[in-house]
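Subject: Handing over a structure

Dear colleague,

Below you will find the structure I promised to pass on, together with its sequence. My notes on what was found in it follow directly after.

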Amino acid sequence: MVDLDVDLHATLWTVAQAAEAARVSPNVVRNWCYRGKLKAADPDHRGRPRFRAIDVIRAEKDTRERARRTYSLQAA
């Protein structure tokens, strides 16, 4: 589980963590990078991309707004 009670401007997430936080697949996060909606910040020690948490949240919000999708917290 990704902790959202951190400094979202300083926290860096891997592709998997970003996908979990945005509730999308890792391929969607990679697609956001490819399309320029999300920019990798500082790579980890193995050279894998990491993303600022706030940027992931903004990319997710922008994607949902463009698709005009909203999700309520009501139980089905």
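Arg23 counts as exposed because its relative accessibility is 74%, where exposed means over 50% relative accessible area, buried under 20% and partly exposed in between, with a 1.4 Å probe and protein chains only. Arg23 is found in the loop between H1 and H2, and although Arg23 is not a glycine, its phi is positive, at about 60°. Most residues other than glycine have a negative phi.

Before going further, please keep in mind that this is a predicted model, in which local features need pLDDT of at least 70 and side-chain atom pairs count only at pLDDT 80 or more, while totals for chains, interfaces and linings use all residues. Residues are numbered from 1 along each chain as its sequence is written, and side-chain values use heavy atoms, with hydrogens and water left out.

The protein chain has 76 residues, of which 24% count as buried. Its accessible surface comes to about 5900 Å², with 50% of that belonging to carbon and sulfur atoms, as calculated by the Shrake-Rupley method with a 1.4 Å probe, where for residues only the protein chains shown count as cover. Of the contacts (heavy atoms within 4.5 Å) with a separation of 6 or more, 48% are accounted for by residues 24 or more positions apart.

The two helices on either side of Arg23's loop deserve a paragraph of their own. Helix H1 (residues 15–22) packs against helix H2 (residues 26–34) at an angle of about 105°, and their axes are 8 Å apart; the axes are lines fitted to C-alpha atoms, for helices over the stretch in contact, and the angles run from 0 to 180 degrees between N-to-C directions. H1 is therefore roughly perpendicular to H2, a term that covers 65 to 115 degrees, whereas angles under 35 degrees count as roughly parallel, over 145 as roughly antiparallel and the rest as oblique. H1 contributes Val15, Ala18, Ala19 and Ala22 to the contact, and H2 contributes Pro26, Val29, Arg30 and Trp32. These residues divide into seven nonpolar, no polar and one charged, where Ala, Val, Leu, Ile, Met, Phe, Trp, Tyr, Cys and Pro count as nonpolar, Asp, Glu, Lys and Arg as charged, and the others, Gly among them, as polar.

Also in helix H2 is Asn31, which counts as partly exposed because its relative accessibility is 31%. The side chain of Asn31 makes a polar contact with the side chain of Arg35, at 2.6 Å; a polar contact is a pair of N or O atoms within 3.5 Å, and within protein one must be able to donate a hydrogen and the other to accept it, with residues adjacent in sequence counting only if both atoms are side-chain atoms.

Asp44, in the loop between H2 and strand E2 (51–52), is buried at 14% relative accessibility, and a polar atom of its side chain lies 2.8 Å from the backbone nitrogen of Arg48. Arg64, in helix H3 (residues 53–66), is buried at 18% relative accessibility, and its side chain makes a polar contact with the side chain of Glu60 at 2.3 Å.

Note on methods
Helices (H or I, at least four residues) and strands (E, at least two) are DSSP runs, numbered from the N terminus.
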